[in-house]
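Hi,

Here is the model we talked about. Have a look at it first, and my notes follow below.

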Amino acid sequence: MLPRSAGILIPLFSIRTRDNLGRGEILDLAPMIDFALSMGHRVIQLLPLDETGPDDLSPYSAMSVMAIDPTFISMSGLPGVGRVVLARAREAVGRARFVERPIIRSAKFPLLERAYRASRARGDQRAQFDAFVETNSYWIHDYALFRALKERFNWTSWETWPAEIAKRDPEALALARRELADAIEMYSYWQYIAHRQWSEMRAYAASRGAFIGGDLAFSPCHDSAEVWANQDEFDLSRTVGAPPDGFNPKGQRWGLPLPNWNAMRAQGFKVLRNRARHASTLYDLLRIDHAVGLFRTFNFGSDLAEPGVFTPVNEHDELLQGEEVIRAIKEEAGATELIAEDLGTVPPWVRASLTNLGVPGYKVMQWERDWGHGDEPFISPAAYPELSLATTGTHDTEPLTVWWRAQPIEVREKFARSLGLEGKVSPRSMLEESARFAILAALYAAPSKLVIVPIQDLFGWSAQINRPGTISAWNWTYRIPLTLERMRRSRAILEDVAKLREIAIRSGRFA
């Protein structure tokens with residue numbers, strides 16, 4: 001069980017080191033863990049690592065929710081990838097802060113293929129590779145075949161493939177497996193390497209008393225290995241989304257297929273159980289994305305004029321379904337601790353259910369207010385329940401400094417007053433460093449067992465990871481402004497690190 005702790009929210013792709021190729025890599029977690037511990041933070045909370053297609057940036061719309069994206073694999077030490085070859089790849093990628101995904105793929109994938117060929121020629125990893133495939137047979141066979149077929153059919157949707165392949169005729173699949181045997185083995189090998197590196201980082205974290213948090217995305221995307229392999233468990237005529245609110249009067253369409261909850265129940269929630277079981281081998285804690293959607297899933301048909309609906313349609317069935325699904329995830333997760341992302345339009349009975357199930361939800365400081373009462377004051381973190389995760393934001397929210405800048409003076413005054421920070425925070429000024437640390441200290445003092453804060457808010461940075469409802473090249477591409485090596489040499493950064501460590505120690509989150 002995790003102790004009372006503080007953690008850092010940072011996507012793996014956002015980490016920068018001297019050695020990585022254009023985006024954060026698995027082995028970068030070691031220096032990231034050391035850096036976090038130096039500031040008194042034991043938890044590294046990541047976004048999904050799931051593999052996305054060539055043109056998809058969002059980790060919440062994955063081509064596979066089981067496979068680790070191969071672009072996260074660290075090239076150092078791979079068979080057949082020597083210093084000269086790696087140096088050429090580094091030159092091709094360059095040292096820019098932002099590197100486009102196609103450049104990363106074109107640099108890394110030939111190296112990964114080279115590593116596969118070299119490993120196959122040597123044969124010294126055969127036993128370990130075969131054991132990995134056997135252990136992961138419940139997902140990797142379908143994934144590797146799907147991945148090979150995507151290449152064969154030029155990345156077109158599986159629904160446009162020949163009918164016998166799209167509908168998974170056994171004889172057609174057997175023939176495809178024979179014809180694509182080499183590619184299937186190569187993509188399986190890439191997963192073997194990714195998971196082997198991940199095991200190294202999991203062991204490293206454990207040896208340092210640190211924890212790695214993962215993210216269970218709500219659903220695979222329509223054009224994914226898991227949907228293709230389990231078509232009866234999804235209603236492909238409907239898409240998941242969010243109900244209308246003040247920001248989106250027509251609601252949001254996410255493009256994810258609607259789970260066929262009745263069919264999933266008949267299969268014992270096999271797909272979800274497999275995902276949770278696999279996640280338990282990777283993470284110490286697991287965030288359940290869009291937890292309310294497990295109780296009631298808002299969805300749309302193909303007619304853009306047709307309003308969305310909830311499935312199931314009544315509260316009684318919604319409660320039964322949600323608790324059934326959460327219990328299934330808990331059973332498979334084992335010792336991995338769960339956190340429910342319960343933000344957005346969430347009925348009170350959903351949060352009450354999660355509490356009864358022992359699953360903490362989120363407390364986002366800027367959103368925690370006594371809505372509908374008086375002048376709707378902010379709720380002090382001192383009033384948060386122990387069974388909660390306290391934070392200043394998520395990957396979808398604007399950083400604290402940007403939020404503060406956008407608030408009128410009266411809201412800033414109300415915020416400072418509610419948190420007991422009069423005299424420490426000046427509502428009439430931009431968020432100064434001393435004020436930021438005062439706010440963080442109030443948050444860390446909360447009873448909440450976990451405090452996990454976006455790295456931008458720890459250092460007062462203003463870049464946002466994702467802007468919901470927008471399509472932009474800047475979404476899902478955020479990288480920290482300095483490499484970890486340079487951050488450890490920066491006097492200004494090290495002064496902030498010392499202050500954050502002091503806050504973590506003073507609040508009983510680090511010793």
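To start with a detail: which residue in β9 is the bridge partner of V240? That partner is N299. Before the rest, some ground rules: this is a predicted model, where local features need pLDDT of at least 70, side-chain atom pairs count only at pLDDT 80 or more, and totals for chains, interfaces and linings use all residues. Residues are numbered from 1 along each chain as its sequence is written, and side-chain values use heavy atoms, with hydrogens and water left out.

Helices and strands here are DSSP runs numbered from the N terminus, helices being H or I of at least four residues and strands E of at least two. Strand β6 (residues 234-242) pairs with β9 in the antiparallel sense over two bridges; pairing takes at least two DSSP bridges between the strands. β9 also pairs with β10 (residues 309-311), antiparallel again, over three bridges, and T297 stands opposite T311 there.

Now the open sheet. Eight strands form it, with parallel pairing, in the order β11-β8-β5-β2-β1-β14-β13-β12. Its edge strands, each pairing on one side only, are β11 (337-340) and β12 (361-364). From one strand to the next the twist averages 25°.

α13 (residues 315-333) lies across β5 (211-216), β8 (285-288) and β11, at about 150° to β11. α17 (residues 433-444) packs on the sheet and touches β1 (5-9), β13 and β14 (450-454), where contact means heavy atoms within 4.5 Å. The direction of α17 makes about 150° with that of β14. Angles run from 0 to 180 degrees between N-to-C directions, with axes fitted to C-alpha atoms, for helices over the stretch in contact.

Last, a helix pair: α2 (residues 83-93) and α3 (residues 101-122) pack at about 165°, their axes 9 Å apart. That angle makes α2 roughly antiparallel to α3 (over 145 degrees). The α2 side of the contact is V85, L86, A89, A92 and V93, and the α3 side is I103, A107, L111 and R114.

Cheers

Definitions and conventions: Parallel < 35°, antiparallel > 145°, perpendicular 65-115°, else oblique.
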